[in-house]
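Subject: Structure handover

Hello,

Here is the structure I promised you. Please open it alongside this note; my findings follow below.

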Amino acid sequence: MALRTIRTIGDEILSKKCKEVKEMTPRLKELVDDMFETMYDAEGVGLAAPQVGVLKRIIIVDTGEDPLCLINPMIVETDGEQTGNEGCLSVPGKTGKVTRPNYVKVLGLDRNMAPIEVEATELKARALVHEVEHLDGHLYVERVEGRLMDVEEAEEEAEEEA
Ligand code: NI
C-alpha cells in the first residue's frame, strides 16, 4: 500500500467525468487499498478516485462505522434534508454550508464486484452524496450557501453561536 497524492481544487482532473469500472483488476484493488490509506492519513471521511488522479467510478467512505467501498455507485433514493458545514480533502483548510438529503439509498458493487445496497443517514448520507458528485466532476464548493470559509473562522463562528 502507498499514499497517493490528493489533487486539489484547480486541478482539471477534478472536473472530469469518471468512467464505469467493468472489471476488478489487481491494479484497481491496489488503488482501493491506497485510497483507504490516503483517506485515513488525511483524516477524511470519504474519498473518490478522481481525487487521487484516477478517472474511475470508485468511492470510499468511513464515518466511523465500517469502511465502505462502492464501485459504480448510483443514488436511487433520497429523503429529507440536512444543512451543515462540509469540507473536502481536495479543498484543504476550507469549509462551507451545504444542504444535502438526510437519507440516501445507494446501489453499487463492492470491491469483489458483488452488488450491494447501502442505506445511510446524516453524516454518512452527506459523505456518500459528496463522493458520488466527485465522479461527475463536481465539488461541494459549487453548492455552498453563503461563502466558503477558512476552517478556523468557521470554528470561531460556531463558538460564538454556542
Ligand atoms: Ni471531496
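How are the donor residues of the nickel ion spaced in sequence? The spacing is C-x41-H-x3-H. Please keep in mind that this is a predicted model.

**The nickel site**

Three residues coordinate the nickel ion: C88 through SG, H130 through NE2 and H134 through NE2. The distances run from 2.0 to 2.2 Å. C88 and H130 link distant parts of the chain, 42 residues apart. C88 sits in the loop between β4 (82-86) and β5 (94-100). H130 belongs to helix α2, residues 122-134. Both C88 and H130 are buried.

**Overall build**

The protein has 3 helices and 8 strands. Along the sequence they follow the pattern α-β-β-β-β-β-β-β-α-β-α. The radius of gyration is 15 Å, close to the 15 Å that the globule rule gives for 162 residues, so the protein is as compact as a globular protein of that length. Its C-alpha atoms fill a box of roughly 50 × 35 × 25 Å along the principal axes. Of the 162 residues, 44% count as buried.

**Strand β6 and its partners**

Look at β6 next, residues 103-109. Here 6 of the 7 residues are buried, so the strand is largely enclosed by the rest of the structure. Strand β3 (residues 68-79) pairs with β6 in the antiparallel sense, over 6 bridges. In that pairing, I75 stands opposite V106 of β6.

Strand β7 (residues 115-121) is also joined to β6, by 7 bridges, and the two run antiparallel. Y103 stands opposite T121 in β7. β6 and β7 form a hairpin with 5 residues between them. In the turn, M113 has a positive phi of about 65°.

The side chains of K105 and E117 meet at 3.9 Å, N to O. K105 lies in β6 and E117 in β7, 12 residues apart. Is K105 buried or exposed? K105 has a relative accessible area of 19%, under the 20% cut-off, so K105 counts as buried.

There is a nonpolar patch on the surface as well. M74, V76 and L107 form this patch, with about 250 Å² of accessible area together. V76 lies in strand β3. At a relative accessible area of 40%, V76 is partly exposed.

**Other salt bridges**

How many salt bridges does the structure hold? The count is 15.

One is K94 with D150, where the closest N and O atoms are 2.7 Å apart. K94 lies in strand β5 and D150 in strand β8 (residues 145-150), so the pair ties together parts that are 56 residues apart in sequence. Both ends are partly exposed: K94 has 31% relative accessibility, and D150 has 34%.

The other is R143 with E133, with the closest N and O atoms 2.7 Å apart. R143 lies in the loop between α2 and β8, and E133 in helix α2, so this pair ties together parts 10 residues apart in sequence. R143 counts as partly exposed, at 45% relative accessibility. E133 counts as buried, at 13%. R143 and E133 also belong to a network of salt bridges that links them with E86, R100 and R126.

**Backbone points to check**

Two non-glycine residues with positive phi go on your list. For E43, phi is near 60°. E43 is found in the loop between α1 (26-41) and β1 (46-48). E43 is exposed, with a relative accessible area of 73%.

For N72, phi is near 50°. N72 lies in strand β3, the strand that pairs with β6. N72 is buried, with a relative accessible area of 15%.

Best wishes

Conventions
Residues are numbered from 1 along each chain as its sequence is written. This is a predicted model: local features need pLDDT of at least 70, side-chain atom pairs count only at pLDDT 80 or more; totals for chains, interfaces and linings use all residues. Side-chain values use heavy atoms; hydrogens and water are left out. Donors are N, O and S atoms within 2.8 Å of the metal (3.2 Å for Na, K and Ca); water is not among the atoms, so sites may look incomplete. Helices (H or I, at least four residues) and strands (E, at least two) are DSSP runs, numbered from the N terminus. Buried means under 20% relative accessible area, exposed over 50%, partly exposed in between (1.4 Å probe, protein chains only). Two strands pair if DSSP finds at least two bridges between them. Patches are made of residues with over 30% relative accessible area and no salt bridge: like charges are joined within 9 Å, nonpolar side chains (Val, Leu, Ile, Met, Phe, Trp, Tyr) within 5 Å. Accessible areas come from the Shrake-Rupley method with a 1.4 Å probe; for residues, only the protein chains shown count as cover. A salt bridge is a side-chain nitrogen of Lys or Arg within 4 Å of a carboxyl oxygen of Asp or Glu. The radius of gyration is taken over C-alpha atoms; the globule rule is 2.2 Å times the number of residues to the power 0.38.
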